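Dear colleague,

I am handing over the structure below, and after it you will find notes on what turned up in it. Please read them with the model open beside you.

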Amino acid sequence: MMTLAAEIDKNGTSPEKLLAPVLSAFWDEPESWTLDTYHRHDGYEGLRKALAMEPDDLIAYVKDSGLRGRGGAGFPTGMKWQFIPQGDGKPHYLVVNADESEPGTCKDIPLLFANPHSLIEGIVIACYAIRSSHAFIYLRGEVVPVLRRLHEAVREAYEAGYLGTNVLGSGLDLELTVHAGAGAYICGEETALLDSLEGRRGQPRLRPPFPAVAGLYACPTVVNNVESIASVPAILNKGKDWFKSMGSEKSPGFTLYSLSGHVTSPGQYEAPLGITLRQLLDMSGGIREGHRLKFWTPGGSSTPMFTDEHLDVPLDYEGVGAAGSMLGTKALQCFDETTCVVRAVTRWTEFYAHESCGKCTPCREGTYWLVQLLRDIEAGKGQMADLDKLNDIADNINGKSFCALGDGAASPIFSSLKYFREEYEQHITGKGCPFDPARSTLWADDKDDKNAHRGVNA
């Protein structure tokens, strides 16, 4: 799952005690993705306990556990299930959002690759709770190896009687469809995902009505993230009190933190909510040798960036929010002092401009102009007035676009200007970027070491 570079942290606590491997507990086992391996680790025991409960009691149990959505917003999972109207005579649907494509976010795809049955078991439990007989997994289509592995896991589940007619003799009939998307970031937005699933162009819908009332095929629909649903079986199997014993009061439980960038040992670190980046860096060997942390994102590129001043911010929804950002997908991208902030923000903004669906004017036009300004500044062709213009355009996008893509595009603009305005000004006054892009590459130090050994002036 990861490499622990430090045996003991600064407080004398073994790093293993800071971790809480549940979803990732057996990722390193041979053929961890198979049903046999999943059975050896209490697979589908949570489902058996769920089927012994009344659906309404099951929803209340998940709600009482405090499980919050792991897809970014942190909305209580049980409460979302509770919104589905019962006795309405309409089909109910569960749609799992596996269209992971936020820059820096990389937790759901590894989870599906190494332990797909945790998601399938969670789907069956959720469908029993909301009285659904058809569930969908909307997977990002580029990840073909994951798609194949997921199809095989679904086949195993059907063969074992966990899917299909009369699941485990409970009377529940459930069909599960795996759908491969075409690679549009906007389809990570739940209503755009539903439009895509129905065969239309993926664009956000006007709300209300919300998916719980009129979602897929205009029927009540729950849309949940992969990690959210995959966390449910362990809660049923080990108990809500066990789950609440981890994390913080308002953000209980375990979660996957994706540590990437200029880190000695990047990877997935599964820990209770509320751990800090300092603790995670202690376990991962810290920032690459000879360098220091400059800035980082707590939840992917769409969340306001932090600096080294925020190393001890509790990584839960309340802690990160109070510090001025969002926990998001817990994608901890770490950048050292060799990284140009302007360059990084420009690349992120180019992504958002490219992925904008074009439905609303603030996002369609605003992201385009942000890119033009940022490219000029990075190239040394900007003016001081451009900095206020950047801020003004971002403000005209933030909170005024049809969906959260516009907010995500504005976040790195606001935060980078807040913490690194002087760096923007250096690009303007110096007529160019003061950074060497090659210095931020992972092989730059190796090259310098070799040149120094040969007596070459690097």
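How many aromatic pairs does the structure hold? There are 16 of them, where rings of Phe, Tyr and Trp (its six-membered ring) pair if their centres lie within 6.5 Å, and planes under 30 degrees apart count as stacked, over 60 as edge-to-face and the rest as tilted. The model is a predicted one, in which local features need pLDDT of at least 70 and side-chain atom pairs pLDDT 80 or more, while totals for chains, interfaces and linings use all residues. Residues are numbered from 1 along each chain as its sequence is written, and side-chain values use heavy atoms, with hydrogens and water left out.

Among the pairs, Phe75 and Phe83 have ring centres 5.9 Å apart and planes at 45 degrees, so this pair is tilted. Phe75 is partly exposed, at 36% relative accessible area, and Phe83 is partly exposed at 45% (buried means under 20%, exposed over 50%, partly exposed in between, with a 1.4 Å probe and protein chains only). Ring pairs also link Phe26, Tyr38, Tyr44 and Tyr162 into a cluster.

Just after α4, Gly66 takes a positive phi of about 85 degrees.

Note on methods:
Helix = DSSP H or I, 4+ residues; strand = E, 2+ residues; numbered from the N terminus.
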